[in-house]
Amino acid sequence: AGTAADDAHVQWAAIKSSGRAIEKVYRSYRGDVAYLVDLCRQSLIFWEVRDIVACLKGMLLDPEVRVVRVKNRFDPEHHASQTAGFRSVAVNVELRGRAADTEWRHVCEVQ
């Protein structure tokens with residue numbers, strides 16, 4: 001048997017539907033689309049908190065990634081009743097790169 005880190009994996013997610021995106025913009029962001037940063041999202045599954053920490057450190061050290069926001073639903077101040085007991089760490093990251101003569105940036109969510 002391997003370690004918990006060996007069991008970590010990606011749970012691929014589809015791009016958020018336009019209907020759900022519009023609903024979220026109006027329900028959560030008062031119509032301001034600039035706050036919608038989870039159209040593109042993926043989930044990384046870890047079984048140990050230390051592995052989540054190692055992943056976050058890796059994101060922070062990557063020169064092509066800028067951490068924009070961290071939503072820590074493991075925080076004791078988080079009211080789990082609002083998420084039906086669901087716990088996670090959601091990280092909005094801005095990926096940056098260069099292709100040909102064009103610089104690009106894209107914000108996505110890793111949960």
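Guide: A contact here means heavy atoms within 4.5 Å. The model is predicted.

Visitor: Which residues does Ser88 touch, leaving aside those up to four places away in sequence?

Guide: Ser88 touches Lys71, Asn72, Arg73, Phe74 and Gln111. Ser88 itself is placed in the loop between strand 3 (65-72) and strand 4 (89-99).

Visitor: Why is Ser88 called buried?

Guide: Its relative accessibility is 7%, and buried means under 20%. Ser88 therefore counts as buried.

Visitor: What share of the residues of the protein count as buried?

Guide: Of the 111 residues, 25% count as buried.

Visitor: What is the pattern of the protein, read along the sequence?

Guide: The pattern is β-α-β-α-β-β-β, with two helices and five strands. The C-alpha trace spans about 45 × 45 × 25 Å along its principal axes.

Visitor: What makes strand 1 and strand 2 a pair?

Guide: Pairing needs at least two bridges. Three bridges join strand 1 (residues 9-11) to strand 2 (residues 41-45), and the two run antiparallel. His9 stands opposite Ile45 in strand 2.

Visitor: What joins strand 2 to strand 5, and which way do they run, parallel or antiparallel?

Guide: Two bridges join strand 2 to strand 5 (residues 102-110), and these strands run parallel. With at least two bridges as the requirement, they also count as a pair. Arg41 stands opposite Glu109 in strand 5.

Visitor: How many disulfides does a search of the whole structure find?

Guide: The search finds zero. For Cys40, the nearest cysteine sulfur is that of Cys108, 4.9 Å away. A disulfide requires sulfur atoms within 2.5 Å, and Cys40 is in no disulfide.

Visitor: Why are Cys40 and Cys55 called partly exposed?

Guide: Partly exposed lies between the buried limit of under 20% and the exposed limit of over 50%. Cys40 has a relative accessibility of 29% and therefore counts as partly exposed. Cys55, with a relative accessible area of 21%, is therefore partly exposed as well.

Visitor: How many aromatic pairs are there?

Guide: The count comes to one. Tyr29 and Tyr35 form it, at 5.8 Å centre to centre and with 25° between the planes. The ring centres must lie within 6.5 Å, and planes under 30 degrees apart count as stacked, so this pair is stacked.

Visitor: Why is Tyr29 called buried?

Guide: Its relative accessible area is 17%, against a limit of under 20%. Tyr29 is therefore buried.

Visitor: How close is the length of helix 1 to what is expected?

Guide: Helix 1 (residues 18-29) has twelve residues and reaches 15 Å from its first C-alpha to its last, close to the 16 Å expected at 1.5 Å a residue.

Visitor: Which residues of helix 1 are buried, and how do you know where they lie around the axis?

Guide: The buried residues are Ala21, Lys24, Val25 and Tyr29. They cover an arc of only 100° around the axis, so they are on the same side of helix 1. The face turned away from that buried side carries the exposed residues Ile22, Tyr26 and Arg27.

Visitor: What follows helix 1?

Guide: Arg30 follows, and its phi is positive, near 50°.

Key: Residues numbered from 1 in each chain as written. Predicted model: local features only at pLDDT ≥ 70, side-chain atom pairs only at ≥ 80, totals over all residues. Heavy atoms only, no water. Helix = DSSP H or I, 4+ residues; strand = E, 2+ residues; numbered from the N terminus. Buried < 20%, exposed > 50% of the residue type's maximum accessible area, 1.4 Å probe, protein only. Phe/Tyr/Trp six-rings, centres within 6.5 Å; stacked < 30°, edge-to-face > 60°. Expected span 1.5 Å × (residues − 1). Arc of directions from axis to C-beta.
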